[in-house]
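Have a look at the structure first, then try each task before reading its solution.

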Amino acid sequence: MVVDSVAAVKSAKSYVAAPRRGPVTRILENEGWFAFFLLLPTAVLLGLFMAYPFIEGVLLALSDAKVGVPGNFVGLQNFAVLLNDSIFRIAVWNTVLYTAVTTVFKLALGLWLALLLNRHFRGKAVTRAFVLLPFIIPTVLSTFAWKWMFDPTFSVINWTLFHLGIIRTRINWLSDPGLALVSVIIVNIWRGVPFYAISLLAGLQTINPELAEAAAIDGARPWQRFRYITWPLLLPVTMVVVLFSVIQTFADFQLVYVLTGGGPANATQLFATYAYQIGVGTGLLGQGAAISLAMFPVLLVVVVVQLLYIRRVEIH
Amino acid sequence: MARVIIRNLNKKFDGVHAVKDVNLEIHDKEFVVLVGPSGCGKTTTLRMVAGLESITSGEVLIGDRVVNELPPMDRDIAMVFQNYALYPHMNVYDNMAFGLKMRGFDRVEITSRVQAAAEILGIHEQLNRKPRQLSGGQRQRVALGRAIVRHPQVFLFDEPLSNLDAKLRIQMRVEIKKIHVRLGTTAIYVTHDQVEAMTLGDRVVVMKDGVVQQVGEPLELYNEPANRFVAGFIGSPAMNFATVEMADADGALWARHEGIRIKVPEGIAGRLRRHAGENVTLGIRPEDLRVASDGDTADQSFDAVVEVIEKLGSQILLDVKVGPNTMVAAVEPTVKAKVHDHLRLALNPDRLHFFDGVSQAAI
Ligand SMILES: Nc1ncnc2c1ncn2[C@@H]1O[C@H](COP(=O)(O)OP(=O)(O)OP(=O)(O)O)[C@@H](O)[C@H]1O
Ligand SMILES: [Mg+2]
């Protein structure tokens, strides 16, 4: 026992005095190298799957490549073509409208749901799980279901409205140019609200409930408590959620592709669907790549502005 | 300013009866402290007065109004929370001004009130800082400031000092007392620290398991505890307890146990006599014990063996063994004692406490 502890003390001492370090250990103890090794896997993955395709995409956009034809460098010609492409202009306008309208509704509805779910009531856990459903179901699958619901002949929506006496004739949800974009927007909102609701709920739960109590005692009515306490404290989370959502919505493809394919008469054509139609559908790879790339500056601006804003909110 | 009356107040959470039939009358300008061990229902009682918790049954009156159904903002109260509950995104000024803004005071009035409060609390240099840029003590001051700018009828405090270190706690305790003397606002103060309760309270309410045990002025609780719980809770170090048998012998009443044979003083022997032959609890405060001198009689003292010595400077605490019981004696700092020493401890016969063996109520 005594001998043991003496030995332990000795070995501990020798460790402190002269740690044995191999060459690998020595390199790893250098912070710079250590950081490099930690970052390496991420850097390789990012390079392989993000940077490389992005650069290839840029090169493609600067060429006149078609399916089966490697193509030559043509400079900005593809972009020049876009300037005079009336469908492209429609797609830009649609994308902006689609993103703006859905974001406003998703934020409002998501916030409302989050505030409701943040209260205590029976069956809260189950409700939360249900709210997530639209988010969990694969988009293509749920969109097909919506397609059925919008079908003029078999539509539940029409059937319900008809039997409630609200409409007299069938509504052509997806084939009426005016309604098609509305329909697509509705489905996008339906699918996007859960993400907002759950993320904002997580944000709400980080806010100390005592603050609301203190404000109530201070004389703030419920709306004022939201306006002066909850909303400002939730703002950083809200900004991140909106940032993610705007990026995703701006580049949305699946939903429109399944529901309308960009039709009728390009009424629901978005950046992504138009790029796909030109690049893959028509086979003009270079032109399609140029359309995709045209989104990039817009998204970049959105990201930079929002990140700057988030940083400002966090500092103050 | 106003009085607060609590009548037959009850609170039941599903399954937990947290507050049981609490009755309390707090006078105008009075500082009342609710004290008791963790989970005894202090916070719940306070929150019902504040309107943050619904009332299961009973009544709360502030001024002369029953406020049971009034929302917190209409009760004209201010509350200081344990974790301060400062608005993290507002600076100190806005934190203090918020309640006034919500109530529609004009800017000039708000500024002058906030400035005055900041002056009293010594935080006028921090008005532009955010809560997270403040020390714990400064945050506590801001929380106090937010309460006093409103000039409410009643202040409610829920363990406002428990997050501060010992030294700061004593300092803030004094400041709260000063503010109360200066403003004279009726106050209800919750704490689990009996020293805080004794130093701050005009009257102290001792609670246990949702039931009020005793209401009284600090010295009243100390000198005449209503039951064994209050006796043990109030006072530090805590009162010593020993189960003794009351015996009538040689024309006197004796409290006996292994190692203890104490003659009950004439003054209280009368009311204890009917417990003759029964077991009761004897209570002796550590400060009522001293090392016996030649003048002390055998029937007012007992033998003890020293087990632990705690030198506090102003006094020495001796943890001793008396027969099978352990006791603490607070003795003069000049006493020279060593561990395992055999001593004779004398007691102050006028300051003995006896509690019923079953109900534990004071006899
Ligand atoms: N929201 C609640 N739901 C269920 N039980 C509760 C709730 N709030 C308090 N209780 C219970 O009520 C009892 C009293 O709680 P309370 O918070 O009033 O104690 P306290 O005296 O303030 O204690 P502490 O000194 O620890 O703050 C406890 O048993 C507690 O578990
Ligand atoms: Mg409490």
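**Exercise 1: a bent helix**

In α11(A), a kink of about 50 degrees sits at Leu235(A), shortly before the proline Pro236(A). This is a predicted model, in which local features need pLDDT of at least 70 and side-chain atom pairs count only at pLDDT 80 or more, while totals for chains, interfaces and linings use all residues. Residues are numbered from 1 along each chain as its sequence is written, chains are lettered from A in the order in which they are written, and side-chain values use heavy atoms, without hydrogens and water.

Task: Find how far apart the end C-alpha atoms of helix α11 of chain A are.

Solution: 
- Step 1. Helices here are DSSP runs (H or I, at least four residues), and strands are runs of E with at least two. Helix α11 covers residues 222-250 of chain A, 29 residues.
- Step 2. The expected span is 1.5 Å times one less than the number of residues; a straight helix would reach 42 Å.
- Step 3. The end C-alpha atoms of α11 are only 35 Å apart.
- Step 4. Now place the bend, which is the angle between axes fitted to the seven residues ending at a residue and the seven starting there. For α11(A), the kink lies at Leu235(A).

**Exercise 2: where the chains meet**

Task: Describe the contact between chain B and chain A.

Solution: 
- Step 1. Counting heavy atoms within 4.5 Å as contact, 25 residues of chain B touch 20 residues of chain A.
- Step 2. Buried area is the accessible area (1.4 Å probe) that two parts lose on being put together, summed over both. Here that is about 1900 Å², with carbon and sulfur atoms giving 63%.
- Step 3. On the chain B side, Met73(B), His89(B) and Met102(B) lose the most area to chain A, together 31% of what that side buries.

**Exercise 3: a bridge across chains**

Task: Which residue of chain B forms a salt bridge with Asp218(A)?

Solution: 
- Step 1. Look for a side-chain nitrogen of Lys or Arg within 4 Å of a carboxyl oxygen of Asp or Glu.
- Step 2. The partner is Arg150(B), with the closest N and O atoms 3.3 Å apart.
- Step 3. Asp218(A) belongs to helix α10 of chain A and Arg150(B) to the loop between α4 and β7 of chain B, so the pair joins two chains.
- Step 4. Between chain B and chain A the count is two salt bridges.

**Exercise 4: backbone in chain B**

Task: Where does a cis peptide bond join Ser236(B) to its partner?

Solution: 
- Step 1. The bond joins Ser236(B) and Pro237(B), with omega about 0 degrees.
- Step 2. Pro237(B) is placed in the loop between α8 and β11 of chain B.
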